[in-house]
Amino acid sequence: YLKQRQGDQRDFLMQTLLAIPALSQRLKHAEMVGNLHATGNYTYACTQMSGPRWVMAGDSYAFVDPIFSSGVYLAMHGAEVAAGVVDSTLRNPSQERTLQRGYEREVARGLKTLSWFIYRFTTPAMRKLFAAPRNDLQLEQAMISMLAGDVFRDNGVHWRLRVFKLIYFVTTLGSLKEQALDYLWRRRQTRAVFTGGTTGQDSA
C-alpha cells in the first residue's frame, strides 16, 4: 500500500486517514507538529558479531523486523550472554575466541528461528494455520513461547517448532497455486520503488 503512494507524504497520510471514517472523525481537530517521515523494513544484520577484544550485543549486531514484538527480549538476552563472554574472557583471555563462537552460535540460532516465521508470517499457508489453531502436542504453547522470544532454552519448544514447520509445509503443498501467486506478488513488491525517505537527510 505504501509503495503505491503518489506525490507528497503529507497528502498521502491525510488521504489514508480520510479513507477511515471513524479515525478521520477522531482526528478532525488534530494538528500535525514536527516533521513527517516514512520508513520501511528496519531489518538488518552485520557481517561480524565479534573479534579481538570486542563483541556486539543486542541490536548493535542485528535487528529483526518487529512483527512479533520479541526484539527487546532478544536484545536483552544477547547482552546478558555477551556480558558473560566479556567476564569469562577477562578471567581467561586464552578462551576469548571459543567463548565468542559459542555466543555467535546461540544468537544466530535464535535469530534464524524467528526469521523463519517472520518471513512466512503473511503467507496463505500460515494464515490458514493461524485461522484454525489446534493444540496437538502443545504446539500452541510452543508458538507462544517463540513469539515471546523464548528460542534459546532447550525446554521442549524447538522440536515442537520443527513439527509446526512440517505442518506448514504440508499445508503449503495443499494450496500450491495460492502459494505460487503469493510468491509472485512478493517478488513484484521487492522490485517496487518507494521514495518515502527514512530520515530528514533523505529526499522525499
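Lysine 128 counts as partly exposed, because its relative accessibility is 40%, where buried means under 20% relative accessible area, exposed means over 50%, and partly exposed covers the range in between, with a 1.4 Å probe and protein chains only. The structure is a predicted model, in which local features need pLDDT of at least 70 and side-chain atom pairs count only at pLDDT 80 or more, while totals for chains, interfaces and linings use all residues. Residues are numbered from 1 along each chain as its sequence is written, and side-chain values use heavy atoms, with hydrogens and water left out.

The side chain of lysine 128 meets that of glutamate 178 in a salt bridge, with an N to O distance of 3.6 Å. This pair links distant parts of the chain, since glutamate 178 lies in helix α8 (residues 176-191) and lysine 128 in helix α5, 50 residues apart. Glutamate 178, with a relative accessible area of 37%, is partly exposed.

## Other salt bridges

Side chains of opposite charge can pair when their charged atoms come close. Here a salt bridge is a side-chain nitrogen of Lys or Arg within 4 Å of a carboxyl oxygen of Asp or Glu, and by this rule the count comes to four salt bridges.

One of them joins aspartate 136 to arginine 134, where the closest N and O atoms are 2.7 Å apart. Aspartate 136 is partly exposed at a relative accessible area of 38%, whereas arginine 134, at 61% relative accessibility, counts as exposed. Another salt bridge is formed by the side chains of glutamate 104 and arginine 97, at 3.5 Å from N to O; in this pair glutamate 104 counts as buried at 18% relative accessibility, while arginine 97 counts as partly exposed at 34%.

## Overall architecture

The protein contains eight helices and four strands, where helices (H or I, at least four residues) and strands (E, at least two) are DSSP runs numbered from the N terminus. Along the sequence these elements follow the pattern α-α-β-β-β-β-α-α-α-α-α-α. Of the 204 residues in the protein, 31% are buried.

## Packing of α4 and α7

Two packed helices are described by the angle between their axes and the distance between the axes. Helix α4 (residues 96-120) and helix α7 (residues 157-173) have axes that come within 12 Å and cross at roughly 25 degrees, which makes α4 roughly parallel to α7. The axes are lines fitted to C-alpha atoms, for helices over the stretch in contact, with angles running from 0 to 180 degrees between N-to-C directions. Angles under 35 degrees count as roughly parallel, those over 145 as roughly antiparallel, those from 65 to 115 as roughly perpendicular, and the rest as oblique.

The crossing of α4 and α7 is left-handed, a term that applies if the near helix is turned anticlockwise from the far one by less than a right angle, the clockwise case being right-handed.

## Buried leucines and their contacts

Leucine 74 is found in helix α3 (residues 71-91) and counts as buried at 13% relative accessibility. The C-alpha atom of leucine 74 is separated by 7.9 Å from that of glycine 110, although these two residues are 36 residues apart along the chain.

Leucine 17 belongs to helix α1 (residues 9-18) and is likewise buried, with a relative accessible area of 19%. The C-alpha atoms of leucine 17 and leucine 27 are 8.4 Å apart, with a separation of 10 residues along the chain.

## Loops with positive phi

Arginine 53, in the loop between β2 (50-51) and β3 (54-55), has a phi near 70 degrees, a positive value in a residue other than glycine. At 81% relative accessibility, arginine 53 counts as exposed.

Glutamine 138 is placed in the loop between α5 (124-131) and α6 (139-147), and its phi is also positive, at about 60 degrees, although this residue is not a glycine. With a relative accessible area of 42%, glutamine 138 is partly exposed.

## A nonpolar surface patch

Met14, Met32 and Leu36 form a nonpolar patch on the surface, with about 210 Å² of accessible area together. Patches are made of residues with over 30% relative accessible area and no salt bridge, where like charges are joined within 9 Å and nonpolar side chains (Val, Leu, Ile, Met, Phe, Trp, Tyr) within 5 Å. The accessible areas come from the Shrake-Rupley method with a 1.4 Å probe, and for residues only the protein chains shown count as cover.
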